[in-house]
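I opened a new notebook page for this one. These are my entries, in the order I looked things up.

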Amino acid sequence: SLVVGETHDVDVSFTTQNPIPVDGKIIFTVPDTFTTIKDSITIGSLGNIDGGFSVSSTGTTTTYADTLKTAGGPWEVTITRDGTGATVPENTQVTFTLTDFTNAQYERVSGAFPLLKTTLADGTTAIDESSAESDAYGIVPPSITFTPAGFGGSAPTIVPKSLIAGDVTDIDISFTTSSPLPIDGKVIFEIPNTFTDVASATVSALSNIDGTFGVTQTGTATTYADTLKTAGGNWVVTLTRQGDGSTVPSGTTVGLTLSAVTNQQHEGSSGVFPLFKTTLADGSSAIDEASAESDNVGVQPVAVVFTPSGFTTVAPTIVPQSLIAGATTDVDITFTTQNPLPVDGKIIFTVPDTFTTIKNTITVGSLGNIDGGFSVTSTGTTTAYSSTLKTAGGPWVVTITRDGSGTTVSANAAVSFTLTDFTNQQFEGASGVFPLFK
């Protein structure tokens with residue numbers, strides 16, 4: 001595994017130019033870019049080499065602060081054949097596996113392995129050698145590249161405190177570290193352009209993380225037409241730890257709250273959050289990452305689902321101009337927008353079946369704070385009569401479609417208009433609520 005922070009086996013391979021005796025040694029150096037190697041290394045999965053082995057290592061022991069490596073390595077690993085196997089001939093490809101190496105704690109290159117050699121039993125008389133020594137002409141084992149960890153396999157979460165369309169709200173953020181987050185590290189995430197706007201400013205409500213943060217964001221600024229978003233986003237938000245807290249250890253579930261975002265202006269899914277990562281102070285060396293990058297092993301923060309707003313909590317009204325039983329009358333409709341209504345938007349409501357009927361010839365008039373042309377349709381059970389007494393019919397769903405010739409109705413606009421040709425119920429009494437208005 002090349003994933004940051006993981007402890008795993010390593011595969012070793014080389015081709016002999018000269019034979020390895022039955023009591024010979026294989027010696028190589030592990031660079032200090034690794035976090036550590038354990039004292040319990042064992043050898044297995046042998047290819048073209050047999051017998052028993054002992055494995056030892058020397059080097060600076062790794063030290064930690066809150067699981068963050070502060071020092072350690074490089075280490076020299078010596079594999080000693082115990083004399084029970086056969087000589088490895090020249091020009092033989094040897095392979096084996098060693099246990100218990102721990103990768104670097106952030107994405108980076110390991111650097112070349114400075115030394116690999118085979119020796120006689122004394123450990124100093126080299127047979128084949130790749131190193132920086134003046135008499136060595138072999139090629140040292142090349143560098144490898146460590147890839148970011150994936151938050152322990154758990155997707156980070158980014159959830160607005162309110163999911164109502166158009167609300168300005170704080171967002172709650174949560175993630176679990178696979179590798180430690182330094183005191184000057186960064187938390188970086190991307191908010192999709194389904195949101196209306198992002199104005200990140202302050203971090204609060206900290207859980208398992210301390211200190212202060214700097215907050216910056218980049219992305220396309222939001223533009224509006226009559227309060228309706230026309231462009232803007234995505235936004236990359238960077239939270240930078242200011243060095244006045246403590247290291248967040250590996251395996252820690254972190255929570256924090258960020259102000260502020262504006263939800264999208266209609267119901268629907270946000271889509272996934274494309275990027276979430278923790279990094280070193282440079283902002284580019286990832287520690288844990290969830291993204292669409294090819295080396296990613298993390299799961300991206302899932303989408304949230306926005307719910308419709310509620311006409312600023314003021315109920316729309318649908319009131320016949322005449323309330324006399326059986327009268328065919330115009331109805332006055334009013335509502336206040338909480339989010340803008342586009343030039344091709346629709347107004348839809350349900351008329352309860354307590355009304356006698358609504359005609360197919362409905363027209364719109366007496367416009368207030370809304371303009372342009374409209375088409376009106378209705379669906380529902382056609383009214384049936386027995387000697388002019390209604391026996392069945394309704395409810396009806398009325399749809400008023402704007403034809404694109406008007407202007408956007410802005411947020412917080414008090415809209416009013418009149419519709420023709422509703423026939424009241426045939427006796428006194430309540431109509432019942434209108435079940436839907438949107």
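Before anything else, a cut-off I keep needing: I call a residue buried when its relative accessible area is under 20%, exposed when that is over 50%, and partly exposed in between. I also note that this is a predicted model.

**Entry: arginine 402 and its partner.** I looked up arginine 402 and got a relative accessible area of 3%, so it goes down as buried. Its side chain meets that of aspartate 371 in a salt bridge, 3.3 Å from N to O. Aspartate 371 sits in the loop between strand S32 and strand S33, while arginine 402 is in strand S36, so the pair ties together parts 31 residues apart in sequence. Aspartate 371 comes out at 31%, which means partly exposed.

**Entry: the other salt bridges.** How many salt bridges does a search of the whole structure find? I got four. One of them joins arginine 241 to aspartate 210, with the closest N and O atoms 3.3 Å apart. Here arginine 241 belongs to strand S22 and aspartate 210 to the loop between strand S18 and strand S19, 31 residues away. Arginine 241 has 3% relative accessibility, so I wrote "buried"; aspartate 210, with 34%, is partly exposed.

Then I checked lysine 161, which forms a salt bridge with aspartate 172 at 3.1 Å between the closest N and O atoms. Lysine 161 is in the loop between S14 and S15, aspartate 172 is in strand S15, and eleven residues separate them. Lysine 161 is exposed at 54%, and aspartate 172 is partly exposed at 29%.

**Entry: an aspartate with no salt bridge.** Aspartate 167 is in the loop between strand S14 (157-160) and strand S15 (168-176). I found it buried, yet without a salt bridge: the nearest side chain of opposite charge is lysine 161, 13 Å away. What does the side chain of aspartate 167 join in a polar contact? That of serine 162, at 2.7 Å. Leaving out residues up to four places away in sequence, aspartate 167 touches Ser162, Val261, Thr262, Asn263 and Gln338.

**Entry: a sheet.** I traced an open sheet of five strands, ordered S5-S8-S2-S11-S12, with antiparallel pairing. Strands S5 (53-59) and S12 (126-130) are at the edges with a single partner strand each, so one side of each has no neighbour in the sheet. From one strand to the next, the twist averages 15°. Zooming in, I counted six bridges between the antiparallel strands S2 (residues 25-30) and S8 (residues 75-81). Isoleucine 27 has threonine 78 as its bridge partner in S8.

Key:
Residues are numbered from 1 along each chain as its sequence is written. This is a predicted model: local features need pLDDT of at least 70, side-chain atom pairs count only at pLDDT 80 or more; totals for chains, interfaces and linings use all residues. Side-chain values use heavy atoms; hydrogens and water are left out. Helices (H or I, at least four residues) and strands (E, at least two) are DSSP runs, numbered from the N terminus. Buried means under 20% relative accessible area, exposed over 50%, partly exposed in between (1.4 Å probe, protein chains only). Lys and Arg count as positive and Asp and Glu as negative; His and the chain ends are not counted. A polar contact is a pair of N or O atoms within 3.5 Å; within protein, one must be able to donate a hydrogen and the other to accept it, and residues adjacent in sequence count only if both atoms are side-chain atoms. Contact means heavy atoms within 4.5 Å. Two strands pair if DSSP finds at least two bridges between them. Axes are lines fitted to C-alpha atoms, for helices over the stretch in contact, and angles run from 0 to 180 degrees between N-to-C directions.
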